[in-house]
Amino acid sequence: MPNLIALSEEFSLVGNPEQVVLDCLFQIDDVRVGSFARKTIPLLVDLLKPIPDRPGAPPYAVRLLTQIADGNNSNKLLMAEAGALEALSKYLSLSPQDLTEATISELLRILFTNPELLRYKQVINCMDQLVAVLHLGSRSARLSAARALSQLFDADNLRDLESSTQAIQPLADMLNATLECEQEAALSALLKLTSDSTSKVAMLAEVEGNPLHSLCKILSSSASWELKSDAAELCCVMFGNPRVREMPTASECIEPLILLMQSNQETAVESGICAFERLLDDDQQVEITSDNDFVGMLVGLVSGSNYRLIEASISALIKLGKDRTPRKLDMVNAGIIDNCLEILPTAPNSLCSMIAELFRVLTNSSAISKSLAATKIIEPLFMVLIKKDFGLLGQHSALQALVNILEKPQSLSTLKISPSQVVEPLISFLESPSQAIQQLGSELLSHLLAQEHFKKDITTKSAVTPLVQLAGIGILSLQQTAINALEKISLNWPKAVSDAGGIFELAKVITQDEPLPSEALWESAASILSNLLQFNTEYYLDVPVVALVRMLRSSLDNTVKVALNALVVQEKADGSTAELMAEVGAIDALLDLLRSHRCEEASGRLLEALFNNSRVREMKASKYAIAPLAHYLLDPQTRSQSGRLLAALALGDLSQHEGLARATDSVYACQALVGLLVDQTKDEMQTVAICALQNFVVRSRTNRRAVAEAGGVSVIQELVQSPNAEVAAHASLLIKFLFSNHTLQEYVSNELIKSLTAALESELRSTSTVNEEVLRTIHVIFANFHKLHISEATTLCIPHLVTSLKLGTEAAQDSVLTILCLLRRSWSSMPLDVSKSQATIAADAIPTLQMLMKTCPPSFHERVESLLNSLPGCLTVIVNRANNLKQAMGGTNAYCRLVIGNGPARHTKVVSHNTSPEWKQGFTWAFDVPPKGQKLHIHCRSKSTFGKTSLGRVTIQIDKVMSEGVYSGVFSLCRETNKDGPSRTLEVEITWSNRTTSNEQRV
């Protein structure tokens, strides 16, 4: 054997010829991909196992496996199945020679180009060994390891392993290598490792050596465009970290990135603009770039079909333009709108969204949104909005841009699109899952509806239902825009709004407390609801009471009027709603309207209707309504007569409640009502005020004094004499209440009696009727204030009382009888002349009293009889004739002698020579006091030359005549002699009255 070896060396023969043969064989493509290679793979994998007896076998096997694997995925899988990954991993763990280490790493790189191998568990061990090579391997080994790891990092599961982070530092160190291939391998691995992981980006930023500085050096170097592109891509990834963007080194990258964007290499330009765009996420970097004029360059990049480049350019423009109007104007002047519109029809949805966002930013500037250039955007944006699968962000941006433009009237006037082209797409946005899009859709629709033809178009009707739904959604921003739109179409499509549940939803907004709507939103909702109610009054009953009450707080008179009308209708339809109205604050709202002199008549009418409800009067709010109503009546700015009338009626309703009539504030009400009587001449107003005062004073002495101190007594005295019988009657009743006790005794006067007397006289004269209420009032005053009995006014009142007794109703007669009896009882304590005068005047009532004795109800008898037995009068006796006065001897010359009590005798004339004389002669006696219990004695005699002879006597009881008035008959004469002759009779007529004759005799 030694000789053979020496011989081979002498002839320069190749050592290990079998290896040479295999090397040569596997250089042949057919062999490398054929069955021979597949059969060899397991053997070669087995040679990877380090055995001391064959130290050269593993490197040789690696070399052959590399040849077999290169370009053949099937062979790569066979190697993995044969355990090559595990063997290679173990081989690397033994720290082989540098060349072998690099070869193994390269083999692993080739194997990992087949994605199917990345699912093997052994890959993890391989990655760990490759990371170790990065840290400790030779330069060539590190290069191969970096390339292999770049392949591994295509797998998400491997990138997410904790051990992968161990590669960051050595890869970052490789960025400073002198060879581009090393830098390229490191960049590739780092890009894949960090592109989807913010945590790994943060780790990369924190490693030693400042990798961002290394990237900046690459960008500024004369390296290839490909390397610079990769460096820019990694910058883009790192600029996603805010801390990296804030580094001073980040600003140093701006200039080389701009140079990259200005190159002719599309890939380099794309990478540069992407990194630059990401850097602009930092406001400070935006400020730094503001001094550079590269807007035109960015605008120029917005063209072609490289959508990633275009999107990055547009995004950069967006960030540069935000809140910087001069920059925006520069963009417009550079033609950005035209460039975008040229791309828009064929652009993918993502780019369309970006363009829409740029338009939104641009049109945020008023100078741009109202320009002619902006109007060119409108129609294309509407076309974009109807694109299928157009995302929410894009929709939001497009809608906001349209809102920015169309909120300007001049832009609306140039709009050429038909309502159907616009409204139908917007309806879908009103039903979007995004609240922001719903809001913008309704806001845009609101602007469009400023045009009359949009309002009237039938397509607009379809938008009613979603707008109504948004109006009641409870989100203020959405409600505001939806209601603004509804407000513009509610007059054109009121039925549609109502049918869509508009009344209910609007009522929800009006009564909404959480969140509390703004005043403008609330007013708009109330205005729409009032439009619906004006369209059809049948809707009045559909609106919740609480919403209508809230509407009373509106600053718009039309809204308030409609709400008032609806509340009145509801109250009339169902009286129980009055309680609900009061509970939800209607009283306070109505009082506020009166105080501010708005819708006074309607407010007053509803307020009066509420207080006319007894249960409402029980509520606390009613108590606090008295003073405001009084102040309203006293307010010099109150001009509405109907309002004053209704306010007075409301006070009258409140006064029916005893507790309210006694309330402290009722004093103000009395003062106000007296003031109303002073100012007013209309009968209706006077009647209402007087009736209200009656209720207040009948229950409260304090109120009586308040009326008197306000001058009410003199005012009411005048009203007692009103030509209007109703006013006079109510005024009399009020006086009766005022003076029903001694509270106001200092205000009692003759003038009061004179006024009441004048009222009696006036009504008797004008209508021949008797005011019963005046009589009752006189009775109360005479009953409570006896000092008035002796007054001249009382004496002058009696004739009218007598007339009232004669002409009045039964009730009036009852009052007069009571009054006259009161006065009669006072005559005994009066001065004689006064009592006599009053009695004499009252005597004129005797005929009436006599008639009443015959016809009056039993309750009158005692008083009538009492008066008849008290009043002075005249007794008249008429002797008509006598019969059968023949005497036994001589002729009959008859006359009669009449005697009453102890008074002087009265004689008739003598009728000569007649046995049935006719005298027809009357005699009258005046009595200051009726001759109760006295008798009339008549003695009939005959006179002759021989003297006087008695013809007979008769005695008549005269008590009966005082009550009956007239008493007549034929009385038998009692003869003193010759009693057996024919019966002698005397025909006599007796009357008791107040009338006297010339021949009367006072007894």
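Reader: Why is R824 called partly exposed?

Author: The relative accessible area of R824 is 22%, and buried means under 20%, exposed over 50%, and partly exposed in between, with a 1.4 Å probe and protein chains only; R824 is therefore partly exposed. R824 belongs to helix 58 (residues 810-827), where helices (H or I, at least four residues) and strands (E, at least two) are DSSP runs numbered from the N terminus. This is a predicted model, in which local features need pLDDT of at least 70 and side-chain atom pairs count only at pLDDT 80 or more, while totals for chains, interfaces and linings use all residues. Residues are numbered from 1 along each chain as its sequence is written, and side-chain values use heavy atoms, with hydrogens and water left out.

Reader: What does R824 touch, leaving out residues up to four places away in sequence?

Author: With contact taken as heavy atoms within 4.5 Å, R824 touches S866, L867 and S870. R824 and S870 are 46 residues apart in sequence, yet their C-alpha atoms lie 7.5 Å apart in space.

Reader: Why are helix 16 and helix 20 called roughly parallel?

Author: The axes of helix 16 (residues 225-238) and helix 20 (residues 266-279) cross at roughly 20° and come within 8 Å. Axes are lines fitted to C-alpha atoms, for helices over the stretch in contact, and angles run from 0 to 180 degrees between N-to-C directions. Angles under 35 degrees count as roughly parallel, over 145 as roughly antiparallel, 65 to 115 as roughly perpendicular and the rest as oblique, so helix 16 and helix 20 are roughly parallel to each other.

Reader: Which residues of helix 16 and helix 20 meet, and how do they divide into nonpolar, polar and charged?

Author: From helix 16, W225, S229, A232, E233, C235, C236 and V237 meet T267, A268, S271, G272, C274, A275 and R278 of helix 20. The residues of this contact divide into 8 nonpolar, 4 polar and 2 charged, where Ala, Val, Leu, Ile, Met, Phe, Trp, Tyr, Cys and Pro count as nonpolar, Asp, Glu, Lys and Arg as charged, and the others, Gly among them, as polar.

Reader: What makes strand 1 and strand 8 a pair?

Author: Two strands pair if DSSP finds at least two bridges between them, and strand 1 and strand 8 are joined over 9 bridges in the antiparallel sense, with T876 standing opposite T991 in strand 8. Strand 7 (residues 966-972) also runs antiparallel to strand 8, with 7 bridges, and Y967 has I990 in strand 8 as its bridge partner. Strand 8 (residues 985-993) is mostly covered, with 7 of its 9 residues buried.

Reader: Where does N994 lie, and what is N994 in contact with beyond its neighbours within four places in sequence?

Author: N994 lies in the loop between strand 8 and strand 9 (1000-1002), and its contacts beyond those neighbours are A843, D844, I846, P847, G873 and C874. N994 and P847 are 147 residues apart in sequence and 7.6 Å apart in space, C-alpha to C-alpha.

Reader: Why does K920 count as exposed, whereas N884 is called partly exposed?

Author: K920 has 54% relative accessibility and therefore counts as exposed, while N884, with a relative accessible area of 37%, is partly exposed. K920 lies in strand 4 (residues 918-927) and has phi near 45°, a positive value in a residue other than glycine.
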